[in-house]
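Subject: Handover of a structure and findings

Dear colleague,

Please find below the structure that I am handing over to you. My findings are set out after it.

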Amino acid sequence: MKVATGLATGLIAKPELAAQAVRAAMAKANIHAPSSVLLFLTSEFASDPQSAIKAAAKAASCTQIIGCSASGIFTEEDWVLDGAAAAAMVFSDDVSLTLADEHCKAPTILTLAAPNAINSTWLNKPGARFGGVSGDATGHGPFSVWQNGKGATQGYCELVIINVQIAVGASHGLKSISKPRKITQTSGYDVLSIANIHALPSLTTAWQKQSKSSELLPYHRLIAMYGNKAAQLERGDYNLASIITGNEENGSITLTKALHEGDWLSWAVRDVDAAQIDIVKTSSELKQQLNAEPAFALLFSCMGRGPYFYDGGDQDLALLKTLLPKLPIIGFYGNGEIAPIQGKNELLQYSAVLALFAENNLS
């Protein structure tokens, strides 16, 4: 198995950057004609991604060019935000990226989607899906996801990576600020009370104890962790619902998901230290799941989880490079992350979804 990445940056979005990234990856892997190429472009290419895709295909002598645009991209070499760049990962013939059809029965499916293509109909079809949501700075490009060297008209693509073992996990980087409590009253997307206490005061109290201040609730940093039992939350086995707002009139909290009476809930905050601990834990657990040393990795990180979260550096990427030295890694900072959580494919926010791949010893 030969897999490698290439990264090319420039002052303007020239198609040649995509070709440079592909050629650099081919040289590292010693591949003259890869079977397929993962190509991620920064949003500076949004007005004309097809020219860059064609340049990559020509450099690789391969039409299986798959990928998307994003505000930021990275490889194990470096990360790029707010600049023109192309990142490529090339694969030898013994690793195949195949488009999944409607009858696909693969257990794990790589999914790339535009924001307007996300829907539960295909997201929750059989198969554990992982990946990310594309995006660009303007949202006015002709397309932001591509497959077979051209734009994906349906707005998303689903891929099966053949002849590899796969282990997938999500790192949320959360610090719990309250004990699990049972939800006692809900109305649609509003949680009215938890343990017979109004939801908004319960969150306010938890945050004030955590922050040791009476500052306003930072809803963009707070989130609800929930599950069927308290023990699930205590062992880190939970689902997530983002907070939309608090309602002073009735003391409720509006979430992005409709929870139910009898569910257990803990409030949590996005935390830098917890995030670094979590990415180390996630990568270690995934490595243990594989029956061989990882050969390459894909990482899908939220825009709110990368350098903007870590004060100018991507500590997730830095830690992975330390834990998995010389491992080819490619990914992007997206508008959402996709991962299987509790047996259901979930659209996440502020998370990092990591997939490790190893040679299939059974093949």
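Predicted model: local features only at pLDDT ≥ 70, side-chain atom pairs only at ≥ 80, totals over all residues.

Residues are numbered from 1 along each chain as its sequence is written, and side-chain values use heavy atoms, with hydrogens and water left out.

The largest pocket has a volume of about 500 Å³. A pocket here is an open set of points on a 1 Å grid over the protein atoms alone, where a 1.4 Å probe fits, with protein on both sides within 12 Å along at least five of seven lines; lining residues have an atom within 4 Å of a point. The volume is the space filled by probe spheres set on the points, which are joined across faces, edges and corners. The lining comprises 21 residues, of which Ala170, Gly236, Asp278, Lys281 and Glu285 are the closest to the centre. Two or more lining residues come from each of strand S13 (164-171), helix H6 (272-289) and strand S24 (337-341); H6 contributes the most, with 8 residues. Helices (H or I, at least four residues) and strands (E, at least two) are DSSP runs, numbered from the N terminus.

Serine 178 is located in the loop between strand S14 (174-176) and strand S15 (181-187). Its side chain reaches the backbone nitrogen of tryptophan 267 at 2.9 Å, a polar contact (a pair of N or O atoms within 3.5 Å, one able to donate a hydrogen and the other to accept it; residues adjacent in sequence count only if both atoms are side-chain atoms).

Asparagine 196 occupies the loop between strand S16 (190-194) and strand S17 (197-198). Asparagine 196 counts as exposed because its relative accessibility is 67% (exposed means over 50% relative accessible area, buried under 20%, partly exposed in between; 1.4 Å probe, protein chains only).

In strand S4 (residues 72-75), Gly72 and Phe74 point one way and Ile73 and Thr75 the other way, and all are buried. S4 pairs with strand S5 (residues 79-81) in the antiparallel sense over 3 bridges, where pairing requires at least two bridges found by DSSP. These two strands form a hairpin with 3 residues between them. S4 is also joined to strand S23 (residues 329-334), antiparallel, by 4 bridges, with isoleucine 73 opposite phenylalanine 332.

Yours sincerely
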